[in-house]
Amino acid sequence: MIEAVGLTKRYGAKTAVDDLSFQVRPGAVTGFLGPNGSGKSTTMRMILGLDRPTAGRVTIGGHPYRSLPNAPRQVGALLDAKAVHGGRTARTHLLSLAQLAGIPARRVDEVLGVVGLQDVAKRRSSGFSLGMGQRLGIAAALLGDPQVLLFDEPVNGLDPEGIHWVRNLMKTLASEGRTVFVSSHLMSEMALTADHLIVIGRGRLLSDMSVTDFISANSADFARVRVPESAPEEREKLTSSLIEAGGSVMSEPDGALRVTGLPLPRISDLAHGADVRLWELSPHRASLEEAYMRMTQGVVDYRSTDDAKAGLLEPPQAAYGGAQGGYGGTQGGYGAEPGHYPQHQPADVPQQSWYAPPPPGQNPYAATHSATAPAPGPATAPPPAAPEPSPADRAGEQTSEDPR
């Protein structure tokens, strides 16, 4: 079992983990959730003795990690799959770890088979893909057949088959009575894998409960109700009956009704009593992702915004395509839509971005279509055509030397 009591870690003025207390019990997969920067990786590093807590303590089986005899045979961990010497083969990497921990060499071949890397055991890890590196990291964690396992984003880079395999592996390890602590940002995968959740935000504990209780506590279930579209009077009649019974009714974009505050049997009875036919009566249970987003919306440090590109660059002029879709043209080129890029920029700011055409001297069209040239004016009459050369001129051109 892993137990943290008042765990705190500060880096100067920054508090990464703040008075965190929890227990990770054996026999279950415990998910460790939280937004980026919430302190998950720092907490795992303190569990493994890689960082010293500023205050509080964390123990594994009642002892700090550093005091465990032959810790790799009791605790296995995957924190960084890239922490491998690229010049070593997969087997050599695992064999060096096994020799340091007094683990028999035959165990190396066993775990290579478990993670599916037996065919590439003699390949250097520098040529591994991200998913293969994850598998090698999981093999290293399983090497000592430990009772406590910690995984930080174990499915990162794995294909669907690999994700399915990791999910079953975690469940199997927990069913054997081991302590399994898994950090992940994939809510759909955590919903299928974890039995218990520990959620933190900005270093503080937000939730410590089962997955089912977490979803129920942080979401509102509702029922979808649909009546025949050709009978709007029945829809109004049912809405009135539901509201009078204490329910809350909202209209969905597709015309259905979202009903909260009443169980499905009660909604069915009210519809029957109002003589209203139902085309749909279905329960809706919130997902783990919806519940997680609702709980952590106030502790997210890094939020995405709309692309602010409109405040950065001046649209290039129609230098490469005219009016039918070239760069800067009027029918779908870059900068074709008004407002997509800013329309004005100080003249003393040089155009160095790849959005703008190359400077004069590098652009064959610079003489007539430079980035700073004014837009062409109204169409004018073409210049008079040159006179047709005489036969004598043509003969002179064929016999003359090329001046170049």
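Modeller: Let me begin with a term that we will need: a residue is called buried when its relative accessible area is under 20%, exposed when it is over 50%, and partly exposed in between. Please also keep in mind that this is a predicted model.

Biologist: Okay, how much of the protein chain counts as buried?


Modeller: Of the 404 residues in the protein chain, 40% count as buried.

Biologist: And how many helices and strands are there?

Modeller: The secondary structure of the protein chain comes to 11 helices and 13 strands. If we take the contacts in the chain with a separation of 6 or more, 66% of them are between residues 24 or more positions apart.

Biologist: What about the accessible surface, what does that come to?

Modeller: The accessible surface of the protein chain comes to about 23,200 Å², and 52% of that belongs to carbon and sulfur atoms.

Biologist: Let's switch to charges. How many salt bridges does the count come to?

Modeller: The count comes to 13 salt bridges, and a pair goes into that count when a side-chain nitrogen of Lys or Arg lies within 4 Å of a carboxyl oxygen of Asp or Glu.

Biologist: Which residue forms a salt bridge with Arg91?

Modeller: The partner of Arg91 is Asp109, and the closest N and O atoms of the two are 3.0 Å apart. This pair links distant parts of the chain, since Arg91 is in helix H2 (residues 90-101) and Asp109 is in helix H3 (residues 106-115), 18 residues apart.

Biologist: Is Arg91 buried or partly exposed?

Modeller: Arg91 has a relative accessible area of 27%, and therefore it is partly exposed.

Biologist: Which strands hold Asp18 and Arg204?

Modeller: The side chains of Asp18 and Arg204 meet in a salt bridge, with 2.8 Å from N to O. Asp18 is in strand E2 (residues 14-24) and Arg204 in strand E9 (residues 204-210), so to speak distant parts of the chain, 186 residues apart. Arg204 is partly exposed, with a relative accessible area of 47%.

Biologist: What about Arg226 and Glu280, how many residues apart are they in sequence?

Modeller: Their side chains meet in a salt bridge too, at 3.3 Å from N to O. Arg226 lies in strand E10 (residues 222-226) and Glu280 in strand E13 (residues 280-284), so the pair ties together parts that are 54 residues apart in sequence. Arg226 counts as buried at 16% relative accessibility, whereas Glu280 counts as partly exposed at 22%.

Biologist: Which residues are joined into one network there?

Modeller: Salt bridges that share partners join Arg224, Arg226, Asp254 and Glu280 into one network.

Biologist: Changing topic, how many aromatic pairs are found?

Modeller: A search of the whole structure finds 3 aromatic pairs. In one of them, the rings of Phe22 and Phe32 have their centres 6.1 Å apart and their planes at 40°, so the pair is tilted. Phe22 is in strand E2 and Phe32 in strand E3 (residues 29-33), 10 residues apart.

Biologist: Last one, what is phi of Asp145?

Modeller: Phi of Asp145 is near 50°, a positive value in a residue other than glycine. Asp145 lies in the loop between helix H4 (130-142) and E6, and at 43% relative accessibility it counts as partly exposed.

Definitions and conventions:
Residues are numbered from 1 along each chain as its sequence is written. This is a predicted model: local features need pLDDT of at least 70, side-chain atom pairs count only at pLDDT 80 or more; totals for chains, interfaces and linings use all residues. Side-chain values use heavy atoms; hydrogens and water are left out. Helices (H or I, at least four residues) and strands (E, at least two) are DSSP runs, numbered from the N terminus. Buried means under 20% relative accessible area, exposed over 50%, partly exposed in between (1.4 Å probe, protein chains only). Contact means heavy atoms within 4.5 Å. Accessible areas come from the Shrake-Rupley method with a 1.4 Å probe; for residues, only the protein chains shown count as cover. Rings of Phe, Tyr and Trp (its six-membered ring) pair if their centres lie within 6.5 Å; planes under 30 degrees apart count as stacked, over 60 as edge-to-face and the rest as tilted.
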